[in-house]
Amino acid sequence: ERRQEAEAALRTAVDSSAGASRIAELLDEAREAGVNDSALLERAKTEGEKGRLDAMVDEARRTIGATEEKIAELEAQAAKLTGKDNRKARSAALKEALELRTSDSFVEAQQLIKDPEKEYQKMMAKMAEREERDREQRETVKQTLDSALASGDISDLNRAVLEGQKIGMDVSAALKQLNVMREEQEEQERLQRERAENE
């Protein structure tokens, strides 16, 4: 029943061209529910990507419009600043206009408008690379944590926990073990001090 409801909701969203985020949400739910209509799943994926691309193009257009407006204001301001006394102010305004014209956000927005599909594919490839790098980093930290836990070395485990926290991993179990190991070490040191005092 859950599978049928998820499939129906996804089909309705795709047919009615619901927003990209809604389709993506329903697509995830459909996969979790075990929907296996490959044609529907592919259509939903395509619609979701198309919606995402449309949103990116709209945002690029807004970025271009706002940036061009600011550039025009700065150039008009520079044109009004005539004479030797206004040279520094005129130069500063023109420099700011040039920085806007060559800014990453403005250039990327122009490239996206010029060839949306190509730029979208490049962005998706970069995102996939970043996700793969993050996955590899998490795997490396997990192996380091496992190794440190197995060896019982407090300093190695402490470094591994800090690395895991830095990248947002759930290291609560390792942190508990680290605290237990620290308490055991403190207890051993206390007992050694007591023995040394009694001798």
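These notebook entries record what I looked up in a predicted model.

**Entry 1. Nonpolar cores**

I began with the largest nonpolar core, which has 13 residues. Leu10, Ala30, Leu41 and Ala44 are the residues with the most contacts inside this core. H1, H2 and H3 are the elements that give two or more residues to this core. H2 provides the largest share, five residues. I then listed the contacts of Leu41, leaving aside residues up to four places away in sequence: Leu41 touches Leu10, Leu27, Ala30 and Val35. I also noted a second, separate core of twelve residues, which includes Leu157, Val161, Ala174 and Met181.

**Entry 2. The largest pocket**

I next looked up the largest pocket, which holds about 180 Å³ of space. Its lining consists of Ala24, Leu27, Asp28, Arg31, Ala44, Lys45, Gly48, Glu49, Arg52 and Met124. By class, I recorded four nonpolar residues, one polar and five charged. Helix H2 (20-33) and helix H3 (38-80) each supply at least two lining residues, and H3 gives the most, with five. Leu27 lines this pocket and also touches Leu41. Ala44 is likewise a lining residue, and is among the residues with the most contacts inside the largest core.

**Entry 3. Salt bridges**

I found eleven salt bridges in the structure.

In the first, the side chains of Glu7 and Arg3 meet at 3.4 Å, N to O. The two residues are four apart in helix H1, so about one helical turn separates them. Glu7 counts as buried, because its relative accessibility is 17% and the cut-off for buried is under 20%. Arg3, at 33%, counts as partly exposed.

In the second, Lys122 pairs with Glu119, the closest N and O atoms being 3.4 Å apart. Both lie in helix H6 (residues 116-151), three residues apart, about one turn of the helix. Lys122 is partly exposed at 40% relative accessible area, whereas Glu119 is buried at 9%.

In the third, Arg135 and Glu132 form a salt bridge of 2.7 Å, N to O. This pair also lies in helix H6, with three residues' spacing, about one turn. Arg135 is partly exposed at 45%, and Glu132 is partly exposed at 34%.

**Entry 4. Asp15**

Finally I checked Asp15, which is found in helix H1 (residues 2-15). Asp15 is partly exposed, with a relative accessible area of 48%. From Asp15 to Asn36 I recorded 21 residues in sequence and 18 Å in space, C-alpha to C-alpha.

Definitions and conventions:
Residues are numbered from 1 along each chain as its sequence is written. This is a predicted model: local features need pLDDT of at least 70, side-chain atom pairs count only at pLDDT 80 or more; totals for chains, interfaces and linings use all residues. Side-chain values use heavy atoms; hydrogens and water are left out. Buried means under 20% relative accessible area, exposed over 50%, partly exposed in between (1.4 Å probe, protein chains only). On a 1 Å grid over the protein atoms alone, a cavity is a set of points where a 1.4 Å probe fits but cannot get out, and a pocket is an open set with protein on both sides within 12 Å along at least five of seven lines; lining residues have an atom within 4 Å of a point. Grid points are joined across faces, edges and corners, and a volume is the space filled by probe spheres set on the points. Ala, Val, Leu, Ile, Met, Phe, Trp, Tyr, Cys and Pro count as nonpolar, Asp, Glu, Lys and Arg as charged, and the others, Gly among them, as polar. A nonpolar core is a set of buried Ala, Val, Leu, Ile, Met, Phe, Trp, Tyr and Cys residues joined through side-chain atoms within 4.5 Å. Contact means heavy atoms within 4.5 Å. A salt bridge is a side-chain nitrogen of Lys or Arg within 4 Å of a carboxyl oxygen of Asp or Glu.
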